[in-house]
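Welcome! Please take a moment with the sequence and the 3D view, and then let us walk through them together.

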Amino acid sequence: MKTIAKSRLNELLKALDKEYNILVPFKEESVSKFVPWQEGVDPYFEENTLLPPKDILFPQTEKMYGFKVKDKSVEIEELTQEKGQQIIFGLRSCDAYSIDCLDKVFLTKGYEDGFYRQKRENTLLWALACTKPQDSCFCESIGIDPREAVCADVQIYDLGEEWGFTARSAAGEELLQKLEGLFTDKDAEPLPVQGFSITVDMEGVPEKLANMFDHPLWEEVSRKCLGCAACTYLCPTCHCFDIAGSVKGGQGYKFRCWDSCMFSEYTRMAGGHNPRPSKKERVRNRFLHKLYYFVERYGQLLCTGCGRCLAKCPVNMDITAIIRKIKEAQQQ
Amino acid sequence: MTNPLVPIRGKIIKVVQETPDVKTFHVSTIEGKKPFTPKPGQLAMFSLPAVGEAMFSITSQGPDHLELAIKEVGQLTSALHEIEEGQECGIRGPYGNGFPLDYCKGKDLLFIGGGIGLAPVRSLINYCIENRKDFGKLTVVYGARSVADLVFKEDLFENWPKVDNMEVYTTIDRAEEGWNGHVAFVPAYVEELGLKPMTTITCGPPIMIKFVLQALAKMGFNDKDVITTLEMRMKCGVGKCGRCNIGSLYVCLDGPVFTLEQLKKLPPEY
Amino acid sequence: MNEISLQMREIARDLLSKNEVNLVLGWEKGSHWYKSAPLFINKVEDVDRLVFDEFCHNNLSKYLVDLAHHEAKVAIFVKGCDSRGINRLIQDNVIKREQVYVIGIPCRGLKDPDDAVGKKCGEPVKDAVKCQECRYPNPVVHDIMVGEQVNATARGQETAALIEKLEKMTQDERYNYWSRQFECCIRCYACRNVCPACSCRECIFDRAVPDWLGKANNLAENQFMHLTRAMHVAGRCIECGECERACPMNLPLMALNKKIIKDIEELFGENDAGIDPEKKPPLGHFELNDPEKFM
């Protein structure tokens with residue numbers, strides 16, 4: 001393993017900064033999220049970030065194309081932002097798994113999303129192995145290994161006084177070789193992962209949900225939901241988006257922006273018909289999507305076990321409690 | 001297409017008033033060419049960039065243009081109904097799975113439409129007419145609220161009745177002065193005609209579809225042979241934004257055409 | 001198991017088995033020892049889930065907006081702040097007094113669940129910011145009361161101190177302060193959805209025609225959203241502080257709301273919302289001697 005003393009992290013980041021934009025977790029007051037690194041920015045590795053790194057590849061608001069309308073004529077111009085190479089440094093296994101899910105959504109099945117692909121192919125992931133699960137973490141129950149992130153280019157380990165790095169892809173290998181001089185090669189054992197306070201048995205849940213569309217449990221679990229978007233916006237895998245325009249005097253641009261299936265008008269059609277008219281249908285759709293539809297379509301769960309939703313929901317909607325209810329539910 | 005979410009520039013070369021609230025728009029590229037060649041049943045995202053964008057079925061195509069029949073129901077469609085010929089626009093596509101042409105080949109086909117629902121079905125009807133020898137007998141049962149609301153009147157009363165081995169049955173909901181044709185709701189008319197079970201393509205208002213499916217089941221039609229095309233609120237059109245899902249399928253990508261057999265396996269959320 | 005929780009269960013059991021109500025709104029324990037969540041009970045077997053502890057933050061009166069057309073009477077547990085919400089909804093003609101059976105619980109103040117994250121049960125936890133300046137710990141409307149009345153005590157001054165700091169700032173400094181805050185907003189609308197004063201059948205931000213506000217996240221739209229909501233709620237805010245607690249980004253929304261309350265008091269006299277159901281909200285009517293500085 002390649003190691004570097006924790007006190008020398010700045011040297012590593014400085015070296016990487018020459019060719020890459022580095023995004024590191026950073027905490028300001030009570031909010032932690034990924035920010036561009038520069039000298040003086042002290043990365044925050046104590047806990048997982050509140051805001052997931054999904055907005056690096058899938059920004060909350062993203063311009064797509066500009067247009068000009070004058071009398072009967074229309075001009076359209078695609079807006080691409082050429083971003084340089086970037087590294088997401090210090091994301092956890094749960095968030096790395098979420099990027100794997102987003103890759104499947106935006107890059108597979110018929111079409112490739114140009115905006116996402118342009119960023120993704122210029123992004124390397126340096127994932128950080130966790131040592132202390134937080135109160136709301138349950139990634140292990142989802143089948144995610146907190147110490148080994150999927151689709152990582154480099155895996156980072158906490159060795160106590162040092163950071164350890166192991167390449168997990170060709171690109172990662174190449175980069176570590178380039179920075180050879182900064183590291184000390186040695187055999188090292190990463191710190192173990194401490195226990196999880198939340199565990200949930202996922203066995204058979206997607207299969208069971210296939211027959212639970214009309215189950216009365218949805219009425220019960222949806223009652224306290226407020227219908228805000230806190231869970232969907234904090235969730236690292238939620239990817240629903242809206243497309244809208246910003247116009248001033250015939251000129252403007254079309255953009256896409258995050259949307260949430262929890263909003264009441266999400267599926268409302270012109271003309272008024274709404275296939276999900278009440279909270280019950282929307283809550284049901286959210287959990288079926290996470291735990292069953294995505295499994296059917298892409299072969300994996302759309303939940304990473306990061307726990308942000310249950311930590312921040314104003315009414316403590318708890319996906320693990322709902323999963324337990326699903327497991328206990330009598331077949332109707 | 002570099003990016004499936006970015007449209008190409010189009011031009012509305014002709015606008016035809018079909019009924020008081022339905023107009024058919026003929027769309028070409030700026031250079032006067034066909035924007036793309038869709039299969040029957042496919043869709044296009046049509047936009048007036050300063051107003052909005054929405055998904056419409058492509059009802060017909062010519063060598064140089066596509067035809068979209070659009071009913072005035074909301075913001076974008078109201079704006080569209082105000083524009084004049086020559087207006088430039090945005091268009092992207094084709095989207096969706098289209099009708100199962102191979103499954104329909106060589107068979108007698110029944111088309112059941114209600115109101116504006118005839119628009120997507122018409123793309124298949126015209127395809128069958130253009131490739132007449134590939135298909136068996138064509139039967140069309142179509143109805144609307146009133147004579148004024150009947151769409152594609154030229155096809156219904158002039159073009160289609162002239163086609164070899166094709167029958168067109170038209171009905172309106174309530175009797176009207178000057179109308180000597182049939183008066184009945186479409187589902188009732190279908191039952192009345194007592195047609196033998198065959199491959200059926202249907203589209204219309206949800207309430208009509210519901211009763212048509214009931215009637216067809218009563219008449220012994222097979223779930224696999226009943227084909228419909230659905231409508232949902234759509235934004236991206238390419239199965240990414242998550243909005244138009246029915247279960248794990250996206251109406252814009254895996255649909256909008258589904259057989260009754262497929263629909264019965266999906267959650268009833270549409 | 002505290003005495004209040006036991007009494008809650010008895011009352012709920014009694015009401016449900018006698019069919020006086022067919023729904024009880026209360027709280028139960030959530031995913032962690034420092035989380036209590038809303039609970040809807042319609043079966044007697046479920047009453048033993050009811051608890052009252054220092055984490056029962058949720059203002060249940062908000063749910064009455066959805067239950068306005070419920071087919072039977074609803075029982076609801078309320079703290080002091082929550083009870084003001086009930087009066088507010090009655091004043092707004094959203095519900096009628098006869099539709100609810102109100103069980104009041106005098107509240108000694110709640111703890112801050114964000115401060116409890118990572119701690120073990122029993123370790124000291126800070127008081128909730130929203131409870132620091134509570135002036136109405138005892139429910140102002142109730143059919144019965146559970147527990148002894150409490151004296152209002154100021155436990156802290158965080159929001160008041162922030163308002164004071166803001167008042168001393170220049171306009172530019174104030175603008176910059178709030179811009180920095182609103183830049184962090186993710187427009188999840190948790191603040192709006194948790195607020196009992198936000199009872200519009202169709203919220204201005206959900207309307208497509210006219211399209212007042214989309215979903216783009218930028219400073220201008222975030223400012224528009226928060227300032228509009230603060231003005232729409234002005235004169236009707238019951239100071240429950242749920243908006244600030246629910247906000248995942250910890251925006252100091254109560255500073256905005258309480259400053260407006262302060263201004264309204266200066267202009268129109270004392271007007272605590274939701275205390276007297278007969279009293280008209282200050283911005284909902286006029287008096288001939290209202291200040292006319294701008295005329």
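## Surface and charges of chain B

Chain B carries 29 positive and 32 negative side chains, with the centres of the two sets 5 Å apart. Lys and Arg count as positive, Asp and Glu as negative, while His and the chain ends are not counted. Each charge is placed at NZ of Lys, CZ of Arg, CG of Asp or CD of Glu.

## How to read the model

This is a predicted model, in which local features need pLDDT of at least 70 and side-chain atom pairs count only at pLDDT 80 or more, while totals for chains, interfaces and linings use all residues. Residues are numbered from 1 along each chain as its sequence is written, chains are lettered from A and ligands numbered from 1 in the order in which they are written, and side-chain values use heavy atoms, leaving out hydrogens and water.

## The build of chain B

Seven helices and 15 strands make up the secondary structure listed for chain B; helices (H or I, at least four residues) and strands (E, at least two) are DSSP runs, numbered from the N terminus. The C-alpha trace of chain B spans about 50 × 45 × 35 Å along its principal axes. Its radius of gyration is 18 Å, which agrees with the value near 18 Å for a compact globule of 270 residues. That radius is taken over C-alpha atoms, and the globule rule is 2.2 Å times the number of residues to the power 0.38.

Of the 270 residues in chain B, 60% are buried; buried means under 20% relative accessible area, exposed over 50%, and partly exposed in between (1.4 Å probe, protein chains only).

## Local details in chain B

One runs from G93(B) to P94(B), with omega near 0°, and P94(B) sits in strand β6 (residues 88-95) of chain B. Another joins G255(B) to P256(B), with omega near 5°; P256(B) is in the loop between β14 (249-250) and β15 (257-259) of chain B.

F152(B) is not a glycine, yet has a positive phi of about 50°. This residue lies in the loop between β8 (138-144) and α4 (153-159) of chain B, and F152(B) counts as buried because its relative accessibility is 3%.

Chain A has twelve helices and twelve strands, and its C-alpha trace spans about 65 × 60 × 40 Å along the principal axes. Buried residues are 61% of the 332 in chain A.

## Sheet and hairpin in chain A

Which order do the strands of the open sheet follow? The eight strands run β3-β2-β6-β7-β8-β9-β1-β10 (chain A), with mixed pairing. At the edges, β3 (31-36) and β10 (184-185) of chain A each have a single partner strand, so one side of each lacks a neighbour in the sheet. Two strands pair if DSSP finds at least two bridges between them. Strands β2 (residues 21-28) and β6 (residues 86-91) of chain A pair in the parallel sense over three bridges, with L23(A) opposite I88(A).

Elsewhere to look, β4(A) and β5(A) form a hairpin with two residues between them, and D71(A) in the turn has a positive phi of about 50°.
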